[in-house]
Amino acid sequence: RIAERVLDHGPQQVIVKLGADGAADQGQHEPFVRQPAHKLQCADATIGAGDGFNGGALAALATGQSLSAAVDAGQKVASLIVQSGRGVIGWGDGLN
């Protein structure tokens, strides 16, 4: 698997984005865990979803959350961006 190959080169944790199929994570001493994508009401534009995922996941990791919680946070932000249809989200878009 790709996550194991990446881990073999030194990182302690890996996140694999799978687009509409969700995301997965694995740590050096943790199993490969796949999370399904968050359900969307509409998906007309995916602009900004990847950046939103990265930002949500990094923010969760920076506040001490687990790798799996970070993947979930990244997916939440990405799904809100896609549902907004604008490529961005604001305070009233359900992030809180």
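Residues are numbered from 1 along each chain as its sequence is written, and side-chain values use heavy atoms, with hydrogens and water left out. Because the model is predicted, local features need pLDDT of at least 70 and side-chain atom pairs count only at pLDDT 80 or more, while totals for chains, interfaces and linings use all residues.

The protein contains 3 helices and 3 strands, where helices (H or I, at least four residues) and strands (E, at least two) are DSSP runs numbered from the N terminus. The order of these elements from the N terminus on is α-β-β-β-α-α. The C-alpha trace spans about 40 × 25 × 20 Å along the principal axes. Of the 96 residues, 31% count as buried (under 20% relative accessible area, with exposed over 50% and partly exposed in between; 1.4 Å probe, protein chains only). Among contacts (heavy atoms within 4.5 Å) between residues at least 6 apart in sequence, 42% join residues at least 24 apart.

Two packed helices are described by the angle between their axes and the distance between the axes. The axes of α2 (residues 49-62) and α3 come within 7 Å and cross at roughly 145 degrees; axes are lines fitted to C-alpha atoms, for helices over the stretch in contact, and angles run from 0 to 180 degrees between N-to-C directions. On the α2 side the contact includes Ala-49, Phe-53 and Leu-61, and on the α3 side Leu-67, Val-77 and Val-82 are among the residues involved. The residues of this contact divide into 13 nonpolar, 4 polar and no charged (Ala, Val, Leu, Ile, Met, Phe, Trp, Tyr, Cys and Pro count as nonpolar, Asp, Glu, Lys and Arg as charged, and the others, Gly among them, as polar).

Ser-84 lies in helix α3 (residues 67-84) and is buried, because its relative accessible area is 19%. The side chain of Ser-84 reaches the backbone oxygen of Ile-81 at 2.7 Å. Glu-4, in helix α1 (residues 2-7), is partly exposed, with a relative accessible area of 39%. Glu-4 and Gln-26 are 22 residues apart in sequence, and their C-alpha atoms are 8.0 Å apart in space.

Note on methods. A polar contact is a pair of N or O atoms within 3.5 Å; within protein, one must be able to donate a hydrogen and the other to accept it, and residues adjacent in sequence count only if both atoms are side-chain atoms.
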